Amino acid sequence: MRRRGPATVLVFHPDEAKAYAALVRAPRARVRLAVCATPAEAAAAVGDADVIYAWKLPPDLYARAARLTWLQAMGAGVDWALVPTLPPGVTVTRAPGIFGPWMREYVLGWCLWVTQHTETYRAAQRERRWREEILPDRLAGKTMAIVGLGDIGRTIAAAARALGLRVIGVSRSGRPVREAERVYRLPALARALGQADFVVVVLPLTDGTRGLLGARALAAMRPTAWLFNIGRGAVVDEAALVTALRERRIGGAVLDVFASEPLPAEHPLWGLDNVALTPHISGPSTPAEIAPVFNDNLARWLAGRPLRHVVDRARGY
Ligand code: GLV
């Protein structure tokens, strides 16, 4: 159902809708923007939208999106968009290729925080103590298991290898990738985890990954190993993780994502000394980085050509 006048693109972002909209490049005669920063604004515009360009559009709005043909997510994960209310014919596209370079620095930064004993030396400094009996550990020679080998996981793998880590991977297909020495299929997750000093979970949230890192997987980890979760919080069973951390059955955890965000103030994870928490910032979306992905797809959509980075809705990523 193509209309004669300009197509409506609904741009939704709670903080930066205007900045995303300002970078949309399309002929005025072809595209009209509805710039929405609140659910109420989006609710008023969604019935007219041919395209949605958004981050976490409230799921109840899709039921009213009668004209919608395409939704471009302003991020890597699309679990928030693949809800039952999203009309079946809508094409969903994501923004790959952007977050890996951010996230490899996050992962290696926090790995070095562990091995360089950053906290210990800073605490010693505050006490004016010369603690030469403590030496940094080496990352080189340690094993990192990356669970999820999409473009982000592989970018992290390449950077980790460059620092001399041995990198193994776990993925649904188990298909070999050049960035990892060996790739295990998901049913062999425990075998991979048992070898790792650092476990980096960068999986999309789907029916198949929800709670995947539960008590059994955590029990397969070495008592000194660190768990990093940078994909989606609900992939890790947080109650099982809190138990493992409290009982010191793993070395610790670096967590950027949580089942419920912002992490509630009373959540036990806040108080654990073997946990480092960050507020879902390991791979930030910025208007400047997402705009080229959207503009390329918008030009394709306007020309009736196939879109890039199309999500397999049945698979969930
Ligand atoms: C962020 O979490 C994203 O999906 O891009």
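Entry 1: I began with Arg232. An N or O atom in the Arg232 side chain sits 2.7 Å from an oxygen atom of the ligand. I note that this is a predicted model. I then turned to backbone atoms. Ala76 places a backbone N or O atom 2.6 Å from a ligand oxygen. For Gly77, I read 2.6 Å between a polar backbone atom and an oxygen atom of the ligand. How much of the ligand's own accessible area does the protein cover? I find 91% of 190 Å².

**Entry 2: ligand shell.** I listed the residues around the ligand. They are Trp55, Gly75, Ala76, Gly77, Phe99, Arg232 and His280. I sorted this shell by class and got 3 nonpolar, 3 polar and 1 charged residues.

Entry 3: Rolling a probe the size of a water molecule over the atoms shows where empty space is left. My search of the whole structure turned up 1 cavity of 30 Å³ or more. I put the volume of the largest cavity at about 30 Å³. Which residues line the largest cavity? I wrote down Asn229, Gly233, Val236, Glu238, Leu241, Leu255, Val257 and Phe258. By class, I count 5 nonpolar, 2 polar and 1 charged residues in this lining.

**Entry 4: second largest pocket.** I moved on to open space. The second largest pocket has a volume of about 380 Å³. Its lining has 15 residues, and I noted those closest to the pocket centre: Trp113, Val114, Thr115, His117 and Trp226. I also checked the helices. α3 (99-115) supplies at least two lining residues, and α4 (118-126) likewise supplies at least two. I sorted the lining of this pocket into 4 nonpolar, 6 polar and 5 charged residues.

**Entry 5: aromatic pairs.** I find 9 aromatic pairs in the structure. I looked up the pair of Trp55 and Trp80. Their ring centres lie 5.6 Å apart. Trp55 is in the loop between β3 (51-54) and β4 (70-73). Trp80 is in the loop between β4 and β5 (91-93). The two are 25 residues apart, and I record the pair as a link between distant parts of the chain.

Terms used: Residues numbered from 1 in each chain as written. Predicted model: local features only at pLDDT ≥ 70, side-chain atom pairs only at ≥ 80, totals over all residues. Heavy atoms only, no water. Near = heavy atom within 4 Å. Polar contact = N/O pair within 3.5 Å; in protein donor to acceptor, adjacent residues only side chain to side chain. Areas by Shrake-Rupley, 256 points an atom, 1.4 Å probe, with all protein chains shown as cover. Nonpolar A, V, L, I, M, F, W, Y, C, P; charged D, E, K, R; others polar. 1 Å grid on protein atoms, 1.4 Å probe; cavity = no way out; pocket = protein on both sides within 12 Å on 5 of 7 lines; lining within 4 Å. Points joined across faces, edges and corners; volume = space filled by probe spheres on them. Helix = DSSP H or I, 4+ residues; strand = E, 2+ residues; numbered from the N terminus. Phe/Tyr/Trp six-rings, centres within 6.5 Å; stacked < 30°, edge-to-face > 60°.
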